[in-house]
Amino acid sequence: VDLSLEWLGMRMASPLYNASGVMCRTREELDAVAGSAAGALITKSCTLTPREGNPEPRYHATALGSINSMGLPNEGYPYYFDYAQQFDYRKPLFVSVSGMSLEDNLFMLADLRDRHLPCLPEINLSCPNLPGKPQLAYDFAATAEALEKISQVYPGAFGVKLPPYFDPVHFAQMAALLNRFEGLRFVTCINSVGNGLLIDLASETTLISPKGGLGGLGGDYVLPTALANVREFARLMPDKHVIGCGGIKSGAEAFMHILCGATAVQIGTCLHEEGVGAFARIQHELAELMAQKGYQCLADFRGRLKTL
Ligand SMILES: O=C(O)c1[nH]c(=O)[nH]c(=O)c1I
């Protein structure tokens, strides 16, 4: 069974890598992912200047997944761009960019452009945890304006991290918008399902502190929504790649995301809870499943979901 893939001029030995935000804030964490069975790695979303993030507790895992309101804690963009400068590129590296404003995003992307590095930016349009700031990608006009300006500043291939959508009209509107930008070569679906609320029954208290306990959901909670977003955007944007993210904890969910059309897949909550050993385990399970089904490679089943 062959798990390798090539896309946008990059070769990956495995379709699995980390979701931005998990196991990627420090160079030690990034090196751990780089040294694991992961096929690629991506950095924590970065801002112009370092950020502490939201008050703790700001992450909590349950039997069904996770809730987080980290608040974009990161070391500031030079830290990650410097990491990308010294990286050996034995596997692809992506840098996640999530400026506090369009100007910040343009400033960081111009810096990245001028470094002429092999890494690709994944522009985060969907952080749900900045108090008072809505997720940009739920404002279609603002998203169009941002992508216009980004395309003017950044000539290379880039991708965007999208929030989940829940309505076919929105899938169609967003796909039509994104299809206008040739430099936009991939979308990562989905970011956490924003502003959920989990409660500790015994203490009758929220599980996390920020925003009265509201946070982005990951894990089993979001698999159906993630699969729907991957399938819809893969169908509506046949010339772009869709990276699947959301609810992957075994070979089965990785297989489902690829069946829906994902080129590669990102692991968030499961990686946070299990550690980098999750990559080898999930990869083995995926290979087993493919062998059982008689598939030799990912292209044998990618995007081949059947409907009734
Ligand atoms: O709270 C965060 O740092 C965070 N958390 C998420 O679940 N998604 C994001 O894009 C971000 I920037």
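In the classification used here, Ala, Val, Leu, Ile, Met, Phe, Trp, Tyr, Cys and Pro count as nonpolar, Asp, Glu, Lys and Arg as charged, and the others, Gly among them, as polar. The structure discussed is a predicted model.

By these classes, the lining of the second largest pocket comprises 10 nonpolar, seven polar and three charged residues. Two or more lining residues come from each of helix 3 (102-115) and helix 4 (140-153); helix 4 contributes the most, with four residues.

The largest pocket holds about 850 Å³ of space. Its lining numbers 46 residues, and S20, V22, N68, G268 and T269 are the closest to the centre. Strand 5 (59-62), strand 6 (65-68), strand 14 (214-218) and helix 8 (269-274) are the elements that supply two or more residues to this lining. Helix 8 provides the largest share, four residues. Divided by class, the lining of the largest pocket has 19 nonpolar, 19 polar and eight charged residues.

The packing of two helices may be considered next. Such a pair is described by the angle between the axes and the distance between them. The axes of helix 1 (residues 27-34) and helix 2 (residues 77-86) come within 11 Å and cross at roughly 35°, and the crossing is right-handed. On the helix 1 side, R27, E28, L30, D31 and A34 take part in the contact, meeting Y79, Y80 and Y83 of helix 2. The residues of this contact divide into five nonpolar, no polar and three charged.

Terms used
Residues are numbered from 1 along each chain as its sequence is written. This is a predicted model: local features need pLDDT of at least 70, side-chain atom pairs count only at pLDDT 80 or more; totals for chains, interfaces and linings use all residues. Side-chain values use heavy atoms; hydrogens and water are left out. Axes are lines fitted to C-alpha atoms, for helices over the stretch in contact, and angles run from 0 to 180 degrees between N-to-C directions. A crossing is left-handed if the near helix is turned anticlockwise from the far one by less than a right angle, and right-handed if clockwise. Contact means heavy atoms within 4.5 Å. On a 1 Å grid over the protein atoms alone, a cavity is a set of points where a 1.4 Å probe fits but cannot get out, and a pocket is an open set with protein on both sides within 12 Å along at least five of seven lines; lining residues have an atom within 4 Å of a point. Grid points are joined across faces, edges and corners, and a volume is the space filled by probe spheres set on the points.
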